[in-house]
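Me: I have a model open and want to learn to read its features. Can we go through them one at a time?

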Amino acid sequence: MSHPLTLEQIRRAPKVLLHDHLDGGLRPATVVELAEAVGYTGLPATDPAELGAWFRDAADSGALERYLETFTHTVAVMQTREALVRVAAECAEDLAADGVVYAEVRYAPEQHLEGGLNLDEVVEAVLEGFRVGRERAAEQGRSIRVGTLLTAMRHAARSREIAELAVRYRDVGVVGFDIAGAEAGHPPTRHLDAFEYLRRENAHFTIHAGEAFGLPSIWEAVQWCGADRLGHGVRIVDDIEFAEGGEVRMGRLARYVRDTRVPLEMCPSSNVQTGAAVSIAEHPIGLLRDLRFRVTVNTDNRLQSGTSLSEEFAKLSSAFGYDWDDLQWFTVNAMKSSFLPFDERLALINGRIKPGFAQLKWAAR
Ligand SMILES: O=c1[nH]cnc2c1ncn2[C@@H]1O[C@H](CO)[C@@H](O)[C@H]1O
Ligand SMILES: [Zn+2]
């Protein structure tokens, strides 16, 4: 096996990120400053380093429900236009600094209404923030494109309204829709009217499924709701068995997901924290990549996992020996699976991803 790629090398690769939560990616120092500005006194620590460590520890609970409790603090400080613009701008800047060339960043507009903003104002503030962040990145010589996914919370009842919001803003930066939140007890079919509406509108959506709940959740997301992609989807391994002699047997759902190329937005560190995977080394991504599922690598929540896309790749590279070809494969998978128009996906693959990796491979000869 060749040497694992270093973090520094990986940072230079042109990467694509499809699953990243805006309210799970704040800089700890920004959380502290925003809390002070809006008078939020509920933070568990006010020193940025301590607060960052608190998020990682608290999220490292082994259960999705406990992991999600940490969002109370980030959501609490994202209730004004200024805060949303700042958080989105820093998000674009941080992703660009990590070498991400295209990202789809998601958040739930319904969670940002407590300061008096309406849904449209929330969306517009975030779009403005991404514009500002892209410009700042460009000034530093980095070019990034950011699309937004609007999330509806699966325990709530606003999914149809949020789906309509996503369609209303689809020509100005919103590229799709998602549902998130606690999975067990909240099947995606509860939001069927939202998904049917989106399909009638020729719009795109992904569904968090197969993270804290298993195959029935994935089956509903794909076969009842018609999800274009699966958020996590790790539990698809429950439908894969090893027979004696190492022969792999896939159930019908696993075969369907692989054969129709349903993209899996895998988030290794997050899965270890919520207990959806035992460790990075034992993460199903290794098996699913070998079986040629349409696997992509993502961060989920950079703050809660104390990670970046480059760090996720570095961990996978040392656990599975992934080299430049593997990283390029994951990256092209992600770009192919994005919700951008086909010609724009191709332009990024041929104009940025392939030349970027070619240069890195050439330099490593
Ligand atoms: O991995 C996850 N699974 C399910 N829900 C999540 C995950 N990460 C974040 N959120 C939820 O999505 C909301 C909008 O961004 C967050 O506030 C959090 O509650
Ligand atoms: Zn997520």
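Predicted model: local features only at pLDDT ≥ 70, side-chain atom pairs only at ≥ 80, totals over all residues.

Reply: Start with how elements are named.

Me: Then where does Asp-300 sit?

Reply: Asp-300 lies in a loop, between strand 10 (295-297) and helix 14 (302-305).

Me: Is Asp-300 buried or exposed?

Reply: Count C-beta atoms within 10 Å: 20 or more others means buried, 12 or fewer means exposed. Asp-300 has 28 others in that range, so it is buried.

Me: Which residues does Asp-300 contact, leaving aside neighbours within four places in sequence?

Reply: Contact here means C-beta atoms within 7 Å. Asp-300 is in contact with His-19, Asp-20, His-21, Gly-24, Cys-267, Ser-270 and Ser-305.

Me: What does the UniProt record place at "binding site"?

Reply: The unreviewed entry gives His-19, His-21, His-208 and Asp-300. They spread over 282 residues of sequence, yet cluster in space, with a largest C-alpha distance of 12.0 Å.

Me: Where is His-21, and which residues does His-21 touch?

Reply: His-21 lies in strand 1 (residues 15-21). It is counted as buried because 26 C-beta neighbours fall inside 10 Å. Beyond four places in sequence, His-21 touches Arg-106, Tyr-107, Asp-300 and Asn-301.

Me: Now the ligand. How many residues surround ligand 1, and which are the closest?

Reply: The shell around ligand 1 has 19 residues. The closest are His-21, Phe-71, Ala-108, Ala-180 and His-208.

Me: Which residue does UniProt list for "active site"?

Reply: Glu-211, again from an unreviewed entry. Glu-211 is in the loop between strand 5 (205-209) and helix 10 (215-224). With 26 C-beta neighbours inside 10 Å, Glu-211 passes the cut-off and therefore counts as buried. Its contacts beyond four places in sequence are Leu-64, Glu-183, His-232, Val-234, Thr-274 and Ala-276.

Me: Next, helix packing. At what angle do helix 2 and helix 3 cross?

Reply: Read the axes. Those of helix 2 (residues 28-38) and helix 3 (residues 48-59) come within 8 Å and cross at roughly 110 degrees. Angles of 65 to 115 degrees count as roughly perpendicular, so helix 2 is roughly perpendicular to helix 3.

Me: Which residues meet there?

Reply: From helix 2, Pro-28, Ala-29, Val-31 and Val-32. From helix 3, Pro-48, Leu-51 and Gly-52. The contact divides into 6 nonpolar, 1 polar and no charged residues.

Me: Which residues of helix 2 are buried, and what covers them?

Reply: The buried residues are Pro-28, Val-31, Val-32, Leu-34 and Ala-35. Their cover includes helix 3, helix 5, helix 6 (81-97) and helix 14. Just after helix 2, Gly-39 takes a positive phi of about 75 degrees.

Me: One last residue. Where is Gln-273 found, and is Gln-273 buried or exposed?

Reply: Gln-273 is in helix 12 (residues 268-274). It is buried, with 26 other C-beta atoms within 10 Å. Gln-273 and Asp-57 are 216 residues apart along the chain, but their C-alpha atoms are separated by 9.0 Å. Gln-273 touches Ala-59, Asp-60, Tyr-67 and Ser-305, residues up to four places away not counted.

Methods. Residues numbered from 1 in each chain as written. Chains lettered and ligands numbered in written order. UniProt positions renumbered as here; feature names shortened; annotations may be inferred. Helix = DSSP H or I, 4+ residues; strand = E, 2+ residues; numbered from the N terminus. Contact = placed C-beta atoms within 7 Å. Axes fitted to C-alpha atoms, helices over the stretch in contact; angles between N-to-C directions. Parallel < 35°, antiparallel > 145°, perpendicular 65-115°, else oblique. Nonpolar A, V, L, I, M, F, W, Y, C, P; charged D, E, K, R; others polar. Near = placed C-beta within 6 Å.
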